[in-house]
Amino acid sequence: MTTTAIETVPRGGAWLLEATAPDTLFTPERMTEEHRLILQTAREFTAEVNEHTEQLETKDWDLTRELLRRAGELGLLSVNVPEAYGGLALDKASAAIIAGCLGQCGSFSATYGAHANLAILPIRMYGTEEQKQRYLPSLVTGEIVGAYCLSEAGSGSDALGARARATRQADGSFVLNGEKMWITNGGFADLYIVFAKVDGEHFTAFIVERGFEGVSTGKEEHKMGLHGSSTTPVILQDVRVPADNLLGAVGKGHKVAFNVLNYGRFKLGASTAGGARGAIGEAARYAAGRRQFGQPIASFGAVKHKLGGMVARTYALESMVFRTAGLIDETLEGAAAEDGGAVLRALEEYAVESSILKVEGSETLHEVLDENVQIHGGNGFVRDYPAERHYRDSRVNRIFEGTNEINRLLIPGMLVKRAVKGELPLIPAAKKLQDEVLAPSPAAAPPDGPLDAAASAVGMFRKVGLAVIGLAMQTYGDKLGEQQEVLSFAADVVIDTYAADSAVARARAATQTGAAGAELQADAAASYVDGAAMRVESRARSAFAAMARGDELRTRLAALRRLLKVTPIDDVSVRRRLSEAAVDRGAYPV
Ligand SMILES: Cc1cc2nc3c(=O)[nH]c(=O)nc-3n(C[C@H](O)[C@H](O)[C@H](O)COP(=O)(O)OP(=O)(O)OC[C@H]3O[C@@H](n4cnc5c(N)ncnc54)[C@H](O)[C@@H]3O)c2cc1C
């Protein structure tokens with residue numbers, strides 16, 4: 001094993017048990033000079049792509065390919081690839097920066113994600129030396145385009161229920177038959193990562209070239225959004241795949257599929273944060289320019305409340321994205337760039353955080369884009385303005401990379417698994433909390449300022465999260481997996497805890513270092529915590545009511561009242577300040 005810093009870097013999920021020291025997390029304010037150069041390049045490229053939106057929406061795949069090659073030239077496809085295969089081996093913070101910019105490109109963001117994450121990463125992590133030498137250099141230049149074929153008409157969420165079959169031949173090769181559905185880049189990709197069951201049983205990954213006889217693609221799907229991204233079936237009819245194109249081992253396809261999805265979820269968090277930042281700028285500029293009743297609509301309290309809320313939620317999401325990128329990067333410190341195993345371990349370590357980013361990212365973007373349409377009024381509903389397209393384009397984020405329902409089940413599910421294995425001391429912490437709740441607690445000193453109050457509220461969210469998960473484990477034992485509603489309530493508490501913790505820690509770090517805009521950051525964090533307190537209480541009540549009755553329920557609810565004493569802030573004034581800053585700058589203001 002390489003000497004990664006996993007022993008010293010906070011473990012995945014540790015933030016649920018311990019307070020976060022503000023100086024320990026990576027934030028956008030801590031970007032290096034190299035990160036800023038990457039940001040500049042990615043921003044310029046995003047602007048270039050967005051000049052072609054209309055043409056891309058006509059499904060001009062030649063132009064799409066040209067833009068992918070341009071991305072390759074600029075190094076934007078090379079992030080995850082070691083130099084030995086033509087890559088730049090950049091850190092995950094750089095990956096988040098690039099995804100954040102391209103997240104403002106709608107369709108091209110999906111094209112890019114399927115190529116750079118879902119096609120390149122499996123080869124980089126599981127490919128043999130020969131496969132890496134053969135495919136990676138032309139994938140990172142964009143000369144060839146990749147796609148990822150996991151889903152089928154009958155197996156989406158239940159990906160392992162795939163019916164595609166690989167039959168082993170006497171010479172070691174395989175013959176593949178089956179039909180994959182909804183494949184991004186399907187219509188024009190040159191290379192497909194395909195999952196099929198060897199002898200109908202062993203789920204396995206293969207690298208399939210478009211040129212292999214028997215590979216074809218179906219018609220483009222008529223989609224709600226992402227009209228500039230190709231989505232087709234991929235049909236495999238007696239496709240002979242050489243033994244050399246087996247990716248990883250026979251029967252280990254689930255490892256390839258799920259680890260790639262972990263990374264895809266982290267990246268989806270980054271791209272949705274970027275999309276939300278862009279939409280806030282759009283909404284702020286429109287609100288400044290649109291006049292009703294003789295004044296800009298930006299001057300109305302109801303509009304300010306929306307814009308301020310959009311900023312606060314996006315700030316929390318962005319804080320989680322950069323924090324998670326920093327955790328993965330720190331874990332990888334000291335590992336050789338070629339060490340695919342170290343990358344896998346790091347992604348697995350922060351799989352809970354990646355699922356959180358997927359759910360919270362897609363739902364934050366959805367809310368922000370919905371409010372963007374609302375702020376645009378009738379103009380939000382017609383195609384003359386981009387608000388309408390963004391709204392349609394973003395809807396799929398809650399469906400692919402594992403639906404939000406599946407990810408919500410995974411979040412507490414993975415935490416419990418780690419607790420049972422002894423990797424996360426969640427069980428003793430839940431027991432200690434139970435004793436604490438029963439003992440009369442001395443009155444705590446009132447917090448000093450708004451950020452101290454917010455930090456103390458996050459401490460309470462942590463305890464509520466532990467109380468919900470602890471009671472669920474106690475009530476259902478090894479049948480907990482069947483209790484999807486309780487698991488989803490627990491997931492919501494955990495998501496709000498990570499988001500609030502990341503936002504508050506980042507805002508405190510900004511205050512401590514006197515960073516520009518620190519006051520605005522404190523507002524954004526405090527506003528997020530204020531909303532989260534209500535959601536945490538409501539989810540915990542629903543969970544307790546599902547698990548306890550009568551006196552026991554009353555005792556649990558009394559304990560909840562003792563654990564969660566959050567005084568509301570004047571969120572009206574706070575959101576007004578956030579909104580005014582966004583309108584002044586005509587952009588996301590942080
Ligand atoms: C535009 C687009 C691009 C895509 N790109 C790709 C791609 O490049 N490669 C690829 O392989 N796939 C791709 N997909 C497929 C996508 O990953 C699947 O659509 C997704 O995984 C959901 O599967 P499904 O559509 O079969 O829905 P289902 O699995 O049928 O789910 C339907 C509903 O039931 C819920 N549900 C299902 N199972 C459970 C459960 N156990 N517990 C609780 N709720 C459950 C789901 O959450 C959902 O709400 C793409 C899809 C779209 C729309």
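1. The hairpin of β2 and β3 has five residues between the strands, and in this hairpin Gly172 takes a positive phi near 95°. Strands here are DSSP runs of E of at least two residues, helices are DSSP runs of H or I of at least four residues, and both are numbered from the N terminus. The model is a predicted one, in which local features need pLDDT of at least 70 and side-chain atom pairs count only at pLDDT 80 or more, while totals for chains, interfaces and linings use all residues. Residues are numbered from 1 along each chain as its sequence is written.

2. Strand β2 (residues 165-168) and β3 run antiparallel and are joined by four bridges; two strands are said to pair if DSSP finds at least two bridges between them. Within this pairing, Arg165 stands opposite Asn177 in β3.

3. With which strand does β3 pair over eight bridges? The partner is strand β7 (residues 231-241), and the sense is antiparallel. Thr184 stands opposite Thr231 in β7, and the bridge partner of Gly178 in β7 is Leu236.

4. Strand β7 also has an antiparallel pairing with strand β6 (residues 215-217), over three bridges. Here Val215 stands opposite Leu236 in β7.

5. The loop between β6 and β7 contains Leu226. This residue has a positive phi of about 50° although it is not a glycine. Is Leu226 buried or exposed? Leu226 is buried, because 23 other C-beta atoms lie within 10 Å. The rule, with C-beta atoms placed from the backbone, calls a residue buried if 20 or more other C-beta atoms lie within 10 Å of its own, exposed if 12 or fewer, and partly exposed in between.

6. Ala89 likewise has a positive phi, of about 45°, although it is not a glycine. Its place is in the loop between α3 (61-73) and α4 (92-102). Ala89 is partly exposed, with 17 other C-beta atoms within 10 Å.

7. Val572 is found in helix α18 (residues 571-585). It counts as exposed because it has 11 C-beta neighbours inside 10 Å. Val572 and Glu363 are 209 residues apart in sequence, and their C-alpha atoms are 23 Å apart in space.

8. The protein is divided into domain 1 (5-145), domain 2 (148-252), domain 3 (254-405) and domain 4 (419-585), with bounds from an automatic or database domain assignment.

9. The C-alpha centres of domain 2 and domain 3 lie 29 Å apart. Their contact takes 13 residues from domain 2 and nine residues from domain 3, where two residues are in contact if their C-beta atoms, placed from the backbone, lie within 7 Å. The side of domain 2 that touches domain 3 has nine nonpolar, three polar and one charged residues.

10. For the protein as a whole, the secondary structure comes to 18 helices and ten strands. Buried residues make up 53% of the 590 residues. Among contacts between residues at least 6 apart in sequence, 79% join residues at least 24 apart.

11. The C-alpha atoms fill a box of roughly 75 × 60 × 45 Å, taken along the principal axes. A compact globule of 590 residues would have a radius of gyration near 25 Å, and the 24 Å of the protein agrees with this. The radius is taken over C-alpha atoms, and the globule rule is 2.2 Å times the number of residues to the power 0.38.

Note on methods: Ala, Val, Leu, Ile, Met, Phe, Trp, Tyr, Cys and Pro count as nonpolar, Asp, Glu, Lys and Arg as charged, and the others, Gly among them, as polar.
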